[in-house]
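Here is a single chain to walk through, with sequence and coordinates side by side. Keep your viewer open and follow along.

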Amino acid sequence: MNAKRLDFLSILTYSILVFVLGIVALHFIFGFQYVVILTDSMKPNINPDDMVITRPVSPEDVHVGDVILYRIEIGNATYRITHRVVDIKTDPDGNIYYVTKGDNREYADPWRVYPSQVVGRVVLVIPRAGIIWYYTPIIIFGLLLIVVATLAYDIAWSLLEEEPIRPKSRKADLIALRRKKIKVYHYRRR
């Protein structure tokens, strides 16, 4: 039964490892981004605490109706916004820009989104996964503390544990017993 349990734990551990490595590879090699949605601007398709995964996209591949993630500077802050492209226009200088709008908003966004600002196109929405993603650093820190505490406990226990008293050898016991018998027998004869 322990072998089955060990096999299940091994499979679970390897599955989690492959999943994490896949996420890291998608991010660093292929440029995928993982974003937690904080507002209700894209309701009902994308809700707060949903996680969206975006893939880098070239300007020619962005079409009306696509949901994109883009960076915009408002004041001194830079925001990453996920909205739907409702129109593609050209400014007086001949540069293409996108008009975006949240699905839950009545009006289009008041700014222009140029292709250089686009981070990627949304390829997957994972409902409610943002809650876990948001607390991932805290969860990892807690697990790390548990591992460190367990190791510290094991090391302290091994250092404080006394060396067990080694039993006397059987040979020494037998020799002592023989001498005692010889003495007893010797005294009886007399």
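What follows starts with confidence and overall layout, then moves on to individual residues and pairings.

First, the ground rules. This is a predicted model, so residues are numbered from 1 along each chain as its sequence is written, local features need pLDDT of at least 70, side-chain atom pairs count only at pLDDT 80 or more, and totals for chains, interfaces and linings use all residues. Side-chain values use heavy atoms, with hydrogens and water left out.

The confidence score here is pLDDT, the predictor's confidence in each residue, from 0 to 100. The chain averages 84, and 82% of the residues score at least 70. Strand β5 (residues 96-101) has the highest confidence, at a mean of 96, while helix α3 (residues 170-189) has the lowest, at 61. Where pLDDT is low, the predicted coordinates should not be read in detail.

Now the layout. Helices (H or I, at least four residues) and strands (E, at least two) are DSSP runs, numbered from the N terminus. The chain has 3 helices and 6 strands, and from the N terminus on they run α-β-β-β-β-β-β-α-α. Taking contact to mean heavy atoms within 4.5 Å, 49% of the contacts between residues at least 6 apart in sequence join residues at least 24 apart.

The chain exposes about 15,100 Å², with carbon and sulfur atoms supplying 63% of it; accessible areas come from the Shrake-Rupley method with a 1.4 Å probe, and for residues only the protein chains shown count as cover.

Some of that surface is a nonpolar patch with about 1,100 Å² of accessible area together, including Phe-8, Leu-12, Ile-16, Phe-19 and Ile-29. Patches are made of residues with over 30% relative accessible area and no salt bridge, where like charges are joined within 9 Å and nonpolar side chains (Val, Leu, Ile, Met, Phe, Trp, Tyr) within 5 Å. Ile-29 sits in the loop between α1 (2-28) and β1 (33-36), and at 62% relative accessibility it counts as exposed.

Next, look at helix α2 (residues 129-160), where you'll find Trp-133. Trp-133 is partly exposed, at 34% relative accessible area. Leaving aside neighbours within four places in sequence, Trp-133 is in contact with Ile-23, Tyr-34, Val-36 and Met-51. Trp-133 and Val-36 are 97 residues apart in sequence, yet their C-alpha atoms are 7.5 Å apart in space.

The loop between β1 and β2 (51-55) deserves a visit, starting with Ser-41. Ser-41 is buried, at a relative accessible area of 7%. Its side chain joins that of Thr-39 in a polar contact of 3.4 Å (a pair of N or O atoms within 3.5 Å; within protein, one must be able to donate a hydrogen and the other to accept it, and residues adjacent in sequence count only if both atoms are side-chain atoms). Beyond four places in sequence, the contacts of Ser-41 include Thr-82, His-83 and Arg-105.

What about the backbone? Most residues other than glycine have a negative phi, and most peptide bonds are trans. In the loop between β1 and β2, where Pro-44 lies, the peptide bond from Lys-43 to Pro-44 is cis, with omega near 5°. Asp-49, also placed in the loop between β1 and β2, has a positive phi near 75°. Arg-128 has a positive phi as well, near 60°.

Finally, the charges. Side chains of opposite charge can pair when their charged atoms come close. With a salt bridge taken as a side-chain nitrogen of Lys or Arg within 4 Å of a carboxyl oxygen of Asp or Glu, the count comes to 4. In one of them, Arg-105 pairs with Asp-40, the closest N and O atoms being 3.4 Å apart. Arg-105 lies in the loop between β5 and β6 and Asp-40 in the loop between β1 and β2, so the pair ties together parts 65 residues apart in sequence. Arg-128 and Asp-49 meet in another (3.8 Å, N to O). Arg-128 is in the loop between β6 and α2 and Asp-49 in the loop between β1 and β2, so this pair ties together parts 79 residues apart in sequence. Asp-66 and Arg-121 also form a salt bridge, at 3.2 Å between the closest N and O atoms, and both residues are buried.

Note on methods. Buried < 20%, exposed > 50% of the residue type's maximum accessible area, 1.4 Å probe, protein only.
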